[in-house]
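Please look at the sequence and the model first.

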Amino acid sequence: MRILFWGTPEFAVPPLLALLGEGHDVVGVVTQPDRPRGRSRSQLDPSPVKLAALQEGLPVLQPEKPRGDAFMKDLAELEPDLSVVVAYGHILPKIVIDAPRLGTLNIHASLLPKLRGAAPIQAAILEGHTETGITIMRMVPALDAGPMLHVVRTPINSDGTYGELHDHLSELGALAIVQALALMGVDAAQEIEQDDAESTYAPKIDRASAQLHFTRDAVNVSRVIRAFDPRPGAHTTLAGAAIKCFGVRIVAVNDDAITDDALRASRPGTIRSIDDDGLVVRCGDGAVRITQLQPAGKGRLAPIDLMRGRGVHIGDRFDDSEGTGYLSAHDAAGGI
């Protein structure tokens with residue numbers, strides 16, 4: 001079977017290497033164009049998938065958009081039997097999806113029909129899911145709505161970060177696509193239609209998604225910090241300056257669990273202690289411990305190091321555009 005692989009970020013590299021490692025005939029790779037970086041925008045960076053493809057000696061296509069006569073000609077010359085897509089970065093038109101004789105498969109990082117869309121890993125953490133996984137589905141023009149061929153499940157650790165789950169699901173995607181192709185090879189793959197009534201959506205991450213509101217409860221604050229660690233980082237302000245928070249543990253899940261009277265009496269966002277284990281901050285309900293802070297333009301630092309540098313003090317309060325009103329965990333989790 002001649003496979004055309006589509007992907008761009010690091011998440012897509014393990015599936016590509018797994019296909020090659022299992023001896024599949026990968027005839028080429030389609031990835032995003034090299035992108036400029038730096039202030040001068042003069043240096044072009046290839047995608048992780050392009051670097052992996054070139055190292056393996058594979059032909060690479062980099063259209064600005066996967067359409068048009070010239071691109072369709074390049075695609076046809078590769079004569080793929082099947083396309084495999086993972087985090088490519090563009091919606092494929094029907095003519096491209098249907099071009100290979102066996103169609104196009106997609107590796108999606110959720111248990112479909114839950115969390116269709118661009119950011120299912122972050123959304124699974126934000127929404128408090130205890131389980132996620134990889135779904136191999138047949139692509140159709142509708143967003144992540146095609147029939148499912150294979151599903152691999154995995155639990156979500158209660159204190160796991162986006163980065164940890166991202167890397168695990170990337171490897172799980174590699175396993176899942178190899179298994180799905182093996183099932184197809186012996187005509188054992190069953191296509192199951194998704195129940196659209198059960199579908200949910202995981203939109204693309206924007207700056208507002210990663211904003212911390214300490215007026216919300218400790219569970220919500222913990223989820224937001226975990227969902228954006230290591231990137232882009234959950235952000236707030238302290239003494240009017242931008243700062244990001246990383247590394248979080250729930251100290252008290254609600255006010256009933258707070259044993260420190262000074263902590264209980266504090267306003268949401270107030271820092272009540274700083275030591276080698278991090279800082280404890282009051283939430284709208286409960287409290288959390290944060291182990292790393294990143295001021296704008298600097299690297300991550302332990303809160304106690306910031307305190308020694310006079311950048312943070314006990315009694316300081318993280319700013320919050322929502323004011324000091326209380327939001328329950330249920331209210332706060334109503335959107336991503």
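The model is a predicted one.

Strand β2 (residues 25-30) and β5 run parallel and are joined by 2 bridges. Opposite Val-30 stands Leu-61 of β5.

Helix α2 covers residues 48-55, and its buried residues are Val-49, Lys-50, Ala-52 and Ala-53. Viewed down the axis of α2, these buried residues fall within an arc of 165°, so they line one face of the helix. They pack against β1 (2-7), α1 (13-21), β2 and β5. After α2 comes Gly-57, with a positive phi near 75°.

**The sheet of 5 strands**

A second open sheet is built from 5 strands in the order β12-β13-β16-β15-β14, paired in the antiparallel sense. At its edges are β12 (234-238) and β14 (271-275), each of which pairs on one side only. From one strand to the next, the twist averages 40°. Helix α7 (residues 218-227) packs on this sheet and touches β12, β13 and β16 (287-295); the direction of α7 makes about 125° with that of β13.

In general, strands of a sheet pair through backbone hydrogen bonds, and the pairing is either parallel or antiparallel. The table sets out one strand pair from each sheet.

| Strand pair | Sense | Bridges |
|---|---|---|
| β2 and β5 | parallel | 2 bridges |
| β12 and β13 | antiparallel | 5 bridges |

Within the pair of β12 and β13 (residues 241-252), Thr-236 has Ile-243 of β13 as its bridge partner.

**A residue in a loop**

Where does Val-312 lie? Val-312 is in the loop between α9 (303-308) and α10 (329-332). Is Val-312 buried or exposed? Its relative accessibility is 0%, and because buried means under 20%, Val-312 counts as buried.

Leaving aside residues up to four places away in sequence, Val-312 touches Leu-238, Ile-271, Ile-274, Pro-303, Leu-306 and Met-307. Leu-238 is 74 residues from Val-312 along the chain, yet their C-alpha atoms are separated by 8.1 Å.

Definitions and conventions. Residues are numbered from 1 along each chain as its sequence is written. This is a predicted model: local features need pLDDT of at least 70, side-chain atom pairs count only at pLDDT 80 or more; totals for chains, interfaces and linings use all residues. Side-chain values use heavy atoms; hydrogens and water are left out. Two strands pair if DSSP finds at least two bridges between them. Helices (H or I, at least four residues) and strands (E, at least two) are DSSP runs, numbered from the N terminus. Axes are lines fitted to C-alpha atoms, for helices over the stretch in contact, and angles run from 0 to 180 degrees between N-to-C directions. Contact means heavy atoms within 4.5 Å. Buried means under 20% relative accessible area, exposed over 50%, partly exposed in between (1.4 Å probe, protein chains only). The arc is that of the directions from the helix axis to the C-beta atoms.
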